[in-house]
Amino acid sequence: MNTIIVTGGAGFIGSNFIFYMLEQHEDCRIICVDKLTYAGNLSTLSHVMNHPRFRFIKLDICDRKGIYELFSEEKPDIVVNFAAESHVDRSIENPEVFLQTNTLGTSVLMDACYKYGIGRYHQVSTDEVYGDLPLDRPDLFFTEETPIHTSSPYSASKASADLLVLSYFRTYGLPITISRCSNNYGPYHFPEKLIPLMIINALNDKPLPVYGKGLNVRDWLYVEDHCRAIDMVLRKGRVGEIYNIGGHNEMKNIDIVKIICKTLGKSEELITYVADRKGHDLRYAIDPTKIYNELGWLPETKFENGIQKTIQWYLDNQEWWQTIISGEYQNYYEKMYGNR
Ligand code: NAD
Ligand code: TYD
């Protein structure tokens, strides 16, 4: 039995990864470590809480003593670190907590892995560490060799963590891997991010706030394809390596918002152009050649199907997001969009 610590498992991608792993591998036991910030939600994990191969522990990855105690008790074989402050807009308002969790939190996990020994530490990173690509050069893509060139406090904190993880490989021989994925979408995506925000606002007949002209491009991947890629990296990836994950699915923000309007039968008149994000990255696009050639990974869900499944999930799970948007989220929304 492999004991896997999954940090940030009460968030969007971490929870989907836990469901995926429990279903795919009967030989793994999952310990979810999550601080339960505004983005972490225990109701997301409710249907696995009593699973015999699952344990939840509320813990901050920056809490060195707590993390060491957990490692000493559980002796994990694998650690997969999803725990992060993940929203670019919040990082522009308040960078400090991003450095705290994303960078210093990662350093605590690194030290714990070194102290107690580990079979594999996997860092879930992002394509945002590469900065952005111009809109008029569709021939350019991010490869693993693209230099780090961050734009936001979020991406800077993630890039710092990546460098630290690589340094523990080189200096201490820690068996690490890193994956850098493009934008994910799917169930349990927190309502402050583009796709869930637009679905929920459209359902409530509220304005759909598109930054700038809506021409920025993101490379969207269905969350389950990301989870499968991480699983493959854990099983077959080479230690010390970085793997980019993305499925050549570039879309302009405005086109996504229009698809959501059309699917929900809502008027495009809801679309409201608002002030652009500071330092807004223009285009992200992943070259996934390495993960395809080395591990045989390819995305399985086409965007046309994934977006329909996602919209249906938000229609079927209104209680999940209603609870979120009726709480502290309202203050956040007013602050971010009130005078935009
Ligand atoms: P999320 O914001 O939905 O979830 C983050 C989770 O981490 C939450 O459950 C939160 O409670 C927890 N957390 C935050 N600070 C913590 C701390 N100090 N200690 C323990 N837990 C803490 O984020 P997500 O979208 O699921 O992203 C997960 C990871 O994937 C992040 O590292 C992010 O950088 C990376 N990533 C995300 C995307 C994307 O499109 N969402 C794309 C590429 C990479
Ligand atoms: P987001 O989901 O925050 O992901 P990221 O910034 O990490 O790519 O945003 C995706 C794109 O959508 C990005 O170009 C910003 C844009 N956006 C809007 O136009 N309006 C919004 O209300 C939000 C949240 C994002």
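Asn16, Phe19, Tyr20, Glu23, Gln24, His47, Pro187, Tyr188, Tyr222, Val223, Glu224 and Cys227 line the second largest pocket of this predicted model. A pocket here is an open set of points on a 1 Å grid over the protein atoms alone, where a 1.4 Å probe fits, with protein on both sides within 12 Å along at least five of seven lines; its lining residues have an atom within 4 Å of a point. Local features need pLDDT of at least 70 and side-chain atom pairs pLDDT 80 or more, while totals for chains, interfaces and linings use all residues; side-chain values use heavy atoms, without hydrogens and water. Residues are numbered from 1 along each chain as its sequence is written, with chains lettered from A and ligands numbered from 1 in the order in which they are written.

**Second largest pocket**
- Its space is about 220 Å³, a volume being what is filled by probe spheres set on grid points joined across faces, edges and corners.
- Two or more lining residues come from each of α1 and α7 (223–236); helices are DSSP runs of H or I with at least four residues, strands are runs of E with at least two, and both are numbered from the N terminus.
- The largest share of this lining, five residues, belongs to α1.
- The lining has seven nonpolar, three polar and two charged residues; Ala, Val, Leu, Ile, Met, Phe, Trp, Tyr, Cys and Pro count as nonpolar, Asp, Glu, Lys and Arg as charged, and the others, Gly among them, as polar.

**Largest pocket**
- The volume of the largest pocket is about 390 Å³.
- It is lined by 19 residues, and Tyr38, Arg90, Glu328, Tyr329 and Tyr332 are the closest to its centre.
- At least two lining residues each come from α3 (88–93), α4 (96–116), α11 (318–325) and α12 (329–337), and α12 gives the most, with five.
- Eight of the lining residues are nonpolar, six polar and five charged.

**Ligand 1**
- Ligand 1 is surrounded by 28 residues, counted when a heavy atom lies within 4 Å; Ile13, Asp34, Ser86, Tyr154 and Lys158 are the closest.
- This shell holds 13 nonpolar, eleven polar and four charged residues.
- A ligand nitrogen lies 3.1 Å from a polar backbone atom of Lys35, and a ligand nitrogen is 2.9 Å from a backbone N or O atom of Ile61.
- The protein buries 97% of the 840 Å² that ligand 1 exposes when taken alone, by the Shrake-Rupley method with a 1.4 Å probe.
- α1 (12–24), β5 (120–126) and α5 (153–172) give two or more residues each to the shell; β5 gives the most, with three.

Definitions and conventions. Polar contact = N/O pair within 3.5 Å; in protein donor to acceptor, adjacent residues only side chain to side chain.
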